[in-house]
Amino acid sequence: MVTMDGTIEKFASAGEKTGWTYIRIPFEIAQQLNPGNKKTFRVKGKVDKSPFEMVSLLPMGGGDFIMTLNARIRKSIRKPVGEKVRVHLTIDKDPIEPPSDLMQCLADEPKAMMRFQSLTASHRNYFINWIKSAKTTPTLAKRIAATIHALEYNWDFGQLIRSLKKKDS
């Protein structure tokens, strides 16, 4: 476990990261956690006294990383941009398990199941995390159905999301 103090920051205008709230993780801290790594990796720990898991550290160039603060973490710590926080980090190597509802539906759709199983773990995780982030049962059902549809058509996660955005337009 690595402990550090950080400042809550927010991207004002940074392309796809615009509006993200984050903590900068210096190169030295990232190297203590995952020596020699320059790519995204998952961590778990605490921000102040608020526990979290399955959060990715994203490389920002120059060796530094950022850890985004999702709404749940921000609500829990109750601190605005500019405030200091104490962060406790360790690598999160726990496997990401697919929801049982998804697996039951995939069992009924062999083509989609084969496609799902052929994906790399990181690409399966895009679908899994999106489904798991559903807050209501109807949203969960819609996301599972959309995932099955996408897998049957050999779409990757990005193609699925783009197709849903087209429908909303």
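Which element supplies the largest share of the lining of the largest pocket? To find out, keep in mind that this is a predicted model, and select helix 5, residues 121-132. Helix 5 gives seven residues to that lining, and this is the largest share.

Stay with the pocket for a moment: its volume is about 1400 Å³, and of the 28 residues that line it, the closest to its centre are Met54, Ser56, Asn129, Trp130 and Ser133.

Next, select the strands, of which six close into a barrel in the order 1-2-5-4-3-6, with antiparallel pairing. From one strand to the next, the twist averages 40°.

Begin with strand 4 (residues 50-59), which pairs with strand 5 over three antiparallel bridges, and look for Pro59, which stands opposite Phe65 in strand 5. These two strands form a hairpin with five residues between them, and in the turn you can pick out Gly61, which has a positive phi of about 90°.

Strand 4 is also joined to strand 3 (residues 41-47), which runs antiparallel to it, by six bridges, and here Lys46 stands opposite Pro51.

Finally, select strand 2 (residues 21-25), which four bridges join to strand 5 (residues 65-68) in the antiparallel sense, and end at Arg24, whose bridge partner in strand 5 is Ile66.

Definitions and conventions
Residues are numbered from 1 along each chain as its sequence is written. This is a predicted model: local features need pLDDT of at least 70, side-chain atom pairs count only at pLDDT 80 or more; totals for chains, interfaces and linings use all residues. Side-chain values use heavy atoms; hydrogens and water are left out. Two strands pair if DSSP finds at least two bridges between them. Axes are lines fitted to C-alpha atoms, for helices over the stretch in contact, and angles run from 0 to 180 degrees between N-to-C directions. On a 1 Å grid over the protein atoms alone, a cavity is a set of points where a 1.4 Å probe fits but cannot get out, and a pocket is an open set with protein on both sides within 12 Å along at least five of seven lines; lining residues have an atom within 4 Å of a point. Grid points are joined across faces, edges and corners, and a volume is the space filled by probe spheres set on the points.
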